[in-house]
Amino acid sequence: MWRKIFGVGKRGTADTEENLSPHLAVDRESMPRHIAIVMDGNGRWAKAQGRSRSAGHEAGAHTLKSIVRAASNMGIEVLTVYAFSTENWKRPHREVDFLLNLFDSFLEQEIAEIHAQNVRMRFLGRRDRFTDRFLRRMEDTEERTGPNTGMRFNLAANYGSQDEILRAVRSVAVRVAAGEITPEEIDETFFSNVLDTAGDPPVDLFIRTSGDLRLSNFLLWQSAYAELYFTETHWPDFTPEELARAIEEFAGRSRRFGGLDPEK
Ligand code: IPE
Ligand code: IPE
Ligand code: MG
């Protein structure tokens, strides 16, 4: 039962970008519920064009805007993107500053549209190194879009999966020590719900752009059974059409979860 799912936003308007949203030849049951993306390669894209790394990050922000819209139009339940890792603080001060300002202006410019698309936005990661201004922006965004009923959009900033797991373990240890819960109550479901992605289904499709074949500390618990899709495309060149191709490839994979293929 194959049918085309056309890109029609829940509160979509008939503007030109919407008309460009890709057509997917994928059965709805074969669609990934949760897509995670390591948006890598802004620097290499910029270098190839003889431009600054900053220009690469700006182009990357533009791509993010179009991918959020496309994923939402395709009916994806959760999109989680890696914007800044706990390891990225090692970069030159100037680049870190540029990125943090870019996140702030991205939110300032995009929040109205994200909200209009009925998208619920949330931030994953540590909040201890951001400016008060950015923290307020994050909180306002979560509060404003919280009641929306469309796609969940998680932006991982100052995020590391090992850090997330340790924060979760510590919070659970405190509750055990206080006698609120017993160690036996800590199963996979319980633990999934104390992570930053609480309430989200596990990652089905894990995409990394720009050719490196590693996870770089992104969603290690949540991606336990994710299908991996690596592409040479640098993030600024990633398009809704390539997202559609990744989803189509995903739909053709045999996911066995340790069991046997029912068709064989
Ligand atoms: C991804 O692009 C963006 C961030 C990590 C913030 P990079 O900046 O890592 O680009 P490359 O890997 O140097 O090309
Ligand atoms: C991963 O990219 C983090 C983000 C995309 C935000 P990096 O460029 O930081 O990863 P490594 O250093 O190549 O592992
Ligand atoms: Mg990189």
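**Two ligands and a few residues**

Biologist: What lies 2.9 Å from an oxygen atom of ligand 2?

Modeller: An N or O atom in the side chain of Asn 88 lies 2.9 Å from that oxygen atom of ligand 2, and this counts as a polar contact, a pair of N or O atoms within 3.5 Å. Please keep in mind that this is a predicted model, where local features need pLDDT of at least 70, side-chain atom pairs count only at pLDDT 80 or more, and totals for chains, interfaces and linings use all residues. Residues are numbered from 1 along each chain as its sequence is written, chains are lettered from A and ligands numbered from 1 in the order in which they are written, and side-chain values use heavy atoms, with hydrogens and water left out.

Biologist: Which residues surround ligand 2?

Modeller: Among them are Tyr 82, Ala 83, Phe 84, Arg 208 and Ser 216, where being near means having a heavy atom within 4 Å of the molecule. Strand S2, residues 78-85, gives the largest share of this shell, with three residues; a strand here is a DSSP run of E with at least two residues, while a helix is a run of H or I with at least four, both numbered from the N terminus.

Biologist: And where does ligand 2 sit?

Modeller: Ligand 2 takes up the space of the largest pocket. A pocket is an open set of points on a 1 Å grid over the protein atoms alone, where a 1.4 Å probe fits and protein lies on both sides within 12 Å along at least five of seven lines, and a molecule sits in one if more than half of its atoms lie within 2 Å of its grid points.

Biologist: OK, over to ligand 1: which residues are around it?

Modeller: The residues around ligand 1 include Met 39, Asp 40, Gly 41, Arg 44, His 57 and Leu 99, and the space taken by ligand 1 is likewise the largest pocket. Helix H2 (42-48) and helix H3 (53-73) each supply at least two residues of this shell, and H2 gives the largest share, three residues.

Biologist: How far are Asn 42, Gly 43 and Arg 53 from its oxygen atoms?

Modeller: For Asn 42, a backbone N or O atom lies 3.2 Å from an oxygen atom of ligand 1, while for Gly 43 a polar backbone atom is 2.9 Å from one. Arg 53 uses its side chain, with an N or O atom there 2.8 Å from an oxygen atom of ligand 1. Taken alone, ligand 1 exposes 380 Å², of which the protein buries 87%.

Biologist: New topic: is Val 96 buried or exposed?

Modeller: Val 96, in helix H4, counts as buried because its relative accessible area is 5%; buried means under 20%, exposed over 50%, and partly exposed in between, with a 1.4 Å probe and protein chains only. Leaving aside neighbours within four places in sequence, Val 96 is in contact with Phe 84, Asn 88, Trp 89 and Arg 91, contact meaning heavy atoms within 4.5 Å.

Biologist: What about Glu 113, what does it touch?

Modeller: Glu 113 lies in helix H4, residues 93-116, and is in contact with Lys 65 and Arg 69, once neighbours within four places in sequence are left aside. At 23% relative accessibility, Glu 113 counts as partly exposed.

Biologist: Which loop holds Asn 118, and what is its phi?

Modeller: Asn 118 lies in the loop between H4 and strand S3 (120-124), and its phi is near 65°, a positive value in a residue other than glycine. Most residues other than glycine have a negative phi. Asn 118 is buried, with a relative accessible area of 5%, and its C-alpha atom is 4.9 Å from that of Gly 150, 32 residues apart along the chain.

Biologist: Where is Ser 210?

Modeller: Ser 210 is in the loop between strand S5 (205-208) and strand S6 (227-230), its phi is near 80°, and it counts as buried at 4% relative accessibility.

How values were computed:
A polar contact is a pair of N or O atoms within 3.5 Å; within protein, one must be able to donate a hydrogen and the other to accept it, and residues adjacent in sequence count only if both atoms are side-chain atoms. Accessible areas come from the Shrake-Rupley method with a 1.4 Å probe; for residues, only the protein chains shown count as cover. On a 1 Å grid over the protein atoms alone, a cavity is a set of points where a 1.4 Å probe fits but cannot get out, and a pocket is an open set with protein on both sides within 12 Å along at least five of seven lines; lining residues have an atom within 4 Å of a point.
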